[in-house]
Amino acid sequence: MSHLMSAERFDDSLWDVVVVGASLAGCATAIHFSKMGHRVAVVEKRVTAVEHYKQLCTHFIQPHAAPLLAPLGLEHLLDPARSVMTRGLFVTPGGTIDASYGDDPSARALNLERRVLDPAIREAARRQGVRFFDRTSVEALERDGTDWLLGVRTVHGSRRVRARLVVAADGRRSRLAGLLGNTTEQRPNDRAAIFGYFTGIAALEGNRSIFIRNGKDMACVYPLVGGRTALVLFAEKSRIANWDGPDDRLAGLLAYFAGLQESPPLSGAVLDSPLLGYADYPNQIRQPVAGSVPFVGDAALSLDAMSGVGCGFALSSADLLARSFVGRSLDTGDVREGLDDYGLRFEAAFRPHVDGICADSLVQKDESTQQRVFEAICGSPGLSREYLSLTGRLSMPADFQRALMRTLMTRARSGAIA
């Protein structure tokens, strides 16, 4: 079906919504607007064949985002044959934090691979009536009265497409951001990443995912369906840069995990995929609205992957945009109100997390201070719950900071009395 769509011509009638980008945020946005009764098209410069999926992603769906799958028609992905419901086990310099997130399964995290999620969300969009146009790139964008005119290049040549609303979901290297002057704020990320998929590694009881803070690094172990496991290392750039070539990188990755006391046994580990990763991945921040075009997913925020917010923020931004347009038409006045509402929702939901994520991606921290903080967290059940809520993006950083300061002050007073 995808290949037929890629050769299909746009018709000349007005589209209600054109979403640029067919990844997670774009497809979720398309589904939401189609459910509102709008005529929606998704344009994508690649071919969205069944086997196509984003590979540079560790596929961890945080607790705040897992409930957003059902409204998209993706409830079936919660089946154990397609994903692994998981809890986090955080190993820190101050002790261990075992996540519970409460007894509600919807408050737990989900290990859902993009090779499963991406084709499923595109199929859900097609079932909803969304039209996909592959191998179609946007080269120009301009206003024509109350509508947008998109200059696109397809397999049939260049043409112009008219839409009442355009949504930028075209990722980290957003072409629309350049066309609309939505400048990119870059903040440094001192870590590189390397990861791979393995067989022969036994999952922890309860299919817990392990997050091990080791100095300035983070080592992650994700249990997946079919007995597979993802090993992911976020480390100082110099460490990974010294691993030269595929064999050396594989040996370095396995030796690193084997040297961690909390890592599962790796004697039977067999690589089941190419090793993936990046050497440099700065944090990128853009405005949620530019030129009356809303930005969702990585086109708006693309942050250090160690924070695990990529899939969650993609689903959440699409959800927030849709909520901003519930009960509104696509007439000029309603669109403006909807975009203003989305901007406010976006800032309130995401901006509080951005500074903390960017700060954590700088590895030049005082390790003794980090140890004191984690000792306080691990020594207080209440603060441990606050930390787990923060890492699941179920609460705001300010809530955790207030709880942390109260705990540190109490510990200081106790120490003084002692």
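Let me start with a term: a residue is buried under 20% relative accessible area, exposed over 50%, and partly exposed in between, using a 1.4 Å probe and protein chains only. Now, hello everyone, and on to the chain itself.

What you see is a predicted model, where local features need pLDDT of at least 70, side-chain atom pairs count only at pLDDT 80 or more, and totals for chains, interfaces and linings use all residues. Residues are numbered from 1 along each chain as its sequence is written, and side-chain values use heavy atoms, with hydrogens and water left out.

First, the overall picture. The protein chain has 11 helices and 22 strands; these are DSSP runs numbered from the N terminus, H or I of at least four residues for helices and E of at least two for strands. Its radius of gyration is 22 Å, close to the 22 Å from the globule rule for 418 residues, so the chain is as compact as a globular protein of that length. For that comparison, the radius is taken over C-alpha atoms, and the rule is 2.2 Å times the number of residues to the power 0.38. Along the principal axes, the C-alpha atoms fill a box of roughly 75 × 50 × 40 Å. Of the 418 residues, 53% count as buried. Among contacts (heavy atoms within 4.5 Å) with a separation of 6 or more, 73% come from residues 24 or more positions apart.

Why call β5 largely enclosed by the rest of the structure? Because 5 of its 5 residues are buried. Both faces are covered, with G88, F90 and T92 on one side and L89 and V91 on the other. As a reminder, in a regular strand the side chains alternate between the two faces of the sheet.

Who are the partners of β5? Strands count as paired if DSSP finds at least two bridges between them. With β14, β5 pairs in the parallel sense over 4 bridges, and there V91 has I212 as its bridge partner. A hairpin through 2 residues joins β5 to β6.

Let's stay with I212 for a moment. This residue sits in strand β14, residues 209-214, and is buried, with a relative accessible area of 2%. Beyond its neighbours within four places in sequence, I212 contacts V91, D217, M218, A219, L260, E262 and S263.

Elsewhere, 3 strands make an open antiparallel sheet, ordered β12-β19-β22. β12 (185-187) and β22 (301-302) stand at the edges with a single partner strand each, so one side of each has no neighbour in the sheet. Between β12 and β19, residues 283-285, there are 3 antiparallel bridges, and R187 stands opposite N283.

Most residues other than glycine have a negative phi. R135, which is not a glycine, has a positive phi of about 50 degrees. R135 lies in the loop between β8 (131-133) and β9 (137-144), and is partly exposed at 37% relative accessibility. S292 also has a positive phi, near 65 degrees. The loop between β20 (289-290) and β21 (293-294) holds S292, which is partly exposed with a relative accessible area of 23%.
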